There are 2 protein chains.
Amino acid sequence: MIAEQYREMLGAKSVIRTLAEKAAERAKVIGRENVFDYSLGNPSVPAPQCFTDVMIRLLKEKDPMELHGYSPTLGIPSVKEKIAKSLNERFGMNYGPEHIFPTSAAASALSHALRAVTAPGDEVLTFAPFFPEYHPYVDLTGAVLKVVPADMKAFQINFEAFETMLNEKTAAVLINTPNNPSGVVYSAQTLTKLAEVLTKKSGEYGHDIFLISDEPYREIVFDKKQQPYVSKFYANTISCYSFSKALSLPGERIGYLAVNPACPDAATIVNMCGQISRGIGHNCPTSLLQLAVAEVLDQTSDFGIYEKNRNLLYECLTDIGFEVVKPDGTFYIFPKALEEDAVAFCQKALEYDLVLVPADTFGCPGYFRMAYCIDTEKVERSLPVLRKFAKEVYGK
Amino acid sequence: MIAEQYREMLGAKSVIRTLAEKAAERAKVIGRENVFDYSLGNPSVPAPQCFTDVMIRLLKEKDPMELHGYSPTLGIPSVKEKIAKSLNERFGMNYGPEHIFPTSAAASALSHALRAVTAPGDEVLTFAPFFPEYHPYVDLTGAVLKVVPADMKAFQINFEAFETMLNEKTAAVLINTPNNPSGVVYSAQTLTKLAEVLTKKSGEYGHDIFLISDEPYREIVFDKKQQPYVSKFYANTISCYSFSKALSLPGERIGYLAVNPACPDAATIVNMCGQISRGIGHNCPTSLLQLAVAEVLDQTSDFGIYEKNRNLLYECLTDIGFEVVKPDGTFYIFPKALEEDAVAFCQKALEYDLVLVPADTFGCPGYFRMAYCIDTEKVERSLPVLRKFAKEVYGK
């Protein structure tokens with residue numbers, strides 16, 4: 001018999017995907033260049049040339065038996081060593097290779113981290129607005145995802161709501177900073193307070209509460225800022241990283257998990273990831289990509305376009321009169337819709353060939369997300385259309 | 001709290017790994033070339049040059065945004081199409097792209113297949129001798145792996161034992177042909193009978209019993225034979241394939257799952273795999289490798305060395321007086337030990353610098369596995385040592 005649990009999931013269709021399909025249909029009629037598709041969070045800048053060069057060099061020069069051979073269960077030691085060194089230098093940490101577990105991007109890192117620190121029935125708390133894929137990531141482990149209502153002012157953390165929801169069943173807290181969909185970076189103040197609450201509650205409940213930090217946008221921070229490194233604030237932190245956005249390699253499924261060395265179970269957790277991997281059929285990311293990214297750890301794609309797009313959109317949206325928090329990073333912006341029902345709002349926008357995503361599934365009804373990982377020229381052409389839409393439909 | 005289920009697994013150490021470690025230690029003393037290490041099933045012939053050429057061409061010529069972009073959840077359509085076409089031409093099947101799901105090699109294919117057709121508490125039957133990793137693959141889904149005792153004469157299927165063990169809880173049967181560790185290929189007769197039993201029992205129990213066919217060694221068959229294509233014999237078959245052995249790419253984690261189009265739930269199962277993937281954090285194998293293997297589907301590494309090694313070892317072992325079934329393929333041979341306790345036997349062999357793996361964990365106590373994916377020159381040098389060991393210790 002086929003498994004009902006997964007068959008039932010087939011009915012539910014992603015809002016984002018449905019919108020993207022509509023946009024694609026419309027593109028066939030009026031041309032792709034005339035559809036202002038802000039729906040998909042796909043990097044729009046190429047991988048840096050240094051990455052391609054390293055890949056070609058490895059393929060040309062390295063013995064294929066060694067290059068394409070099995071990675072050890074816990075990852076290639078030289079790669080783990082380089083990742084630890086890079087994190088230590090950039091963020092003042094003291095990781096060793098034994099704290100690093102290479103994964104098939106952040107989705108896989110989260111899958112391992114969640115299984116390592118939760119048991120079926122446990123609760124995992126996350127904060128709205130949140131990436132909707134957290135639901136399958138968490139729910140299919142047997143743990144339960146609970147969403148803490150948003151801090152609607154600044155999209156930091158609503159601590160009042162958070163403290164009400166924490167309870168003895170809370171095994172982990174899952175955060176995402178810089179945040180998809182708000183673009184906001186959690187401040188040092190937010191992270192300090194979060195750590196204080198978690199430490200206090202871990203003591204009260206008599207068990208550790210782990211902080212799982214999903215960091216695929218870590219390098220995409222604007223105004224020459226750097227985001228505070230989450231793990232520095234709380235010992236029991238598992239950082240989940242992906243090169244998908246930093247190197248514009250979303251299809252290559254490469255990233256890692258790093259457990260804070262100050263976590264008493266750090267090395268055990270990494271070893272357990274090797275066992276979890278057997279159960280979910282991962283067996284490490286590809287050897288070639290492990291070796292390649294390890295050569296370009298401190299490089300990124302050119303994010304200038306994202307910052308430019310952020311500036312153009314933020315200025316235009318505030319000028320029109322949208323309520324919107326200025327994003328610190330990522331390639332998302334998260335304004336309040338001009339009517340209560342963001343689904344209706346986005347539906348109307350579609351008639352202007354503006355593809356916007358209503359934020360109901362992100363845990364913030366009434367808001368919408370724009371993914372501005374598109375050409376700046378297109379952003380520029382979309383601005384008068386945005387103004388026209390707001391004026392004609394909402395009198396703004 | 002960290003998950004006890006996985007922490008407990010850390011205690012158990014793989015026999016193969018322990019042996020490999022001992023071999024590595026010994027190699028430090030007497031030199032790697034003097035340790036006859038038959039423990040590890042790692043391809044010992046390089047990836048074909050055409051694969052490397054395709055990879056370099058893709059990296060040089062293709063737009064990096066397209067090349068490294070997200071794969072659709074169900075795999076890259078052009079890749080699925082090519083895989084279907086190749087299988088249809090080679091095995092007279094009628095797959096469409098909707099029946100193919102690219103995976104991170106066979107481990108991932110098995111992970112998806114098992115989750116698609118079992119629920120927690122269900123039983124999965126496999127036949128000794130079997131690949132010990134089936135235990136974590138199955139057990140960590142919540143289903144239970146049951147091992148049918150071996151057909152000790154020919155390492156085909158012990159149908160008497162099989163029929164006794166089938167019951168209403170049997171959701172799937174997991175086979176591996178060409179077989180690790182026996183090297184035997186299931187005959188058309190075996191597969192026909194297996195299909196008959198499964199069809200009869202599915203009817204009796206009123207639910208489908210799925211056949212999950214693990215086929216990483218499919219292309220490594222000797223004497224110019226071809227193995228019968230399992231899925232042709234039984235409609236409810238899910239084939240799990242890997243390029244790890246065929247193209248000598250074990251570290252690159254690339255393969256696929258193919259559901260027989262005659263299975264009434266075929267397309268649904270593939271769609272469900274997309275949902276399973278979200279839960280276990282796979283999100284498809286890497287885009288680059290999907291595109292690359294699709295260009296070399298009908299190529300393999302040169303397996304001449306494996307066949308030559310098989311011949312040398314089979315001849316020598318039978319000449320010494322070992323009881324052994326001649327392998328039809330893979331790079332394994334599976335003789336009966338010269339004493340009842342194969343662990344003791346392998347321990348004694350180690351004193352002759354022969355690294356052999358006792359088959360207790362493969363479900364065949366008293367036997368041992370030799371993985372002859374090593375240089376032929378080394379096999380040749382090992383033969384007099386094998387003879388000396390058998391003579392001095394067992395008077396053979």
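Begin by selecting helix α3 of chain A, residues 49–61, in this predicted model. At 1.5 Å a residue, the 13 residues of this helix should span 18 Å. The C-alpha atoms at its ends are 18 Å apart, which agrees with that expectation.

Next, colour the buried residues of α3(A): F51(A), T52(A), V54(A), M55(A), I56(A), L58(A) and L59(A). In an α-helix there are 3.6 residues a turn, so residues three or four places apart point the same way.

What do the buried residues of α3(A) pack against? Within chain A, display α4 (64–67) and α11 (287–293).

With both chains on screen, consider how the copies are related. Chain B is superposed on chain A by a rotation of 180 degrees, with 0.0 Å of shift along the axis and an RMSD of 0.0 Å. The two copies are thus related as by a two-fold rotation axis. Of the interface residues of chain B, 100% are also interface residues in chain A, so the copies meet through the same surface.

For the final stop, select A359(B). This residue is found in the loop of chain B between β11 (357–358) and β12 (368–371). Is A359(B) buried or exposed? A359(B) is buried, with a relative accessible area of 0%. Leaving aside residues up to four places away in sequence, show the residues that A359(B) touches: F334(B), C364(B), P365(B), Y367(B) and F368(B). Lastly, select N271(B), 88 residues from A359(B) along the chain; the C-alpha atoms of the two are separated by 38 Å.

Notes
Residues are numbered from 1 along each chain as its sequence is written. Chains are lettered from A and ligands numbered from 1 in the order in which they are written. This is a predicted model: local features need pLDDT of at least 70, side-chain atom pairs count only at pLDDT 80 or more; totals for chains, interfaces and linings use all residues. Side-chain values use heavy atoms; hydrogens and water are left out. Copies are superposed by least squares on the C-alpha atoms of residues with pLDDT of at least 70 in both. Contact means heavy atoms within 4.5 Å. Helices (H or I, at least four residues) and strands (E, at least two) are DSSP runs, numbered from the N terminus. Buried means under 20% relative accessible area, exposed over 50%, partly exposed in between (1.4 Å probe, protein chains only). The expected span of a helix is 1.5 Å times one less than its number of residues.
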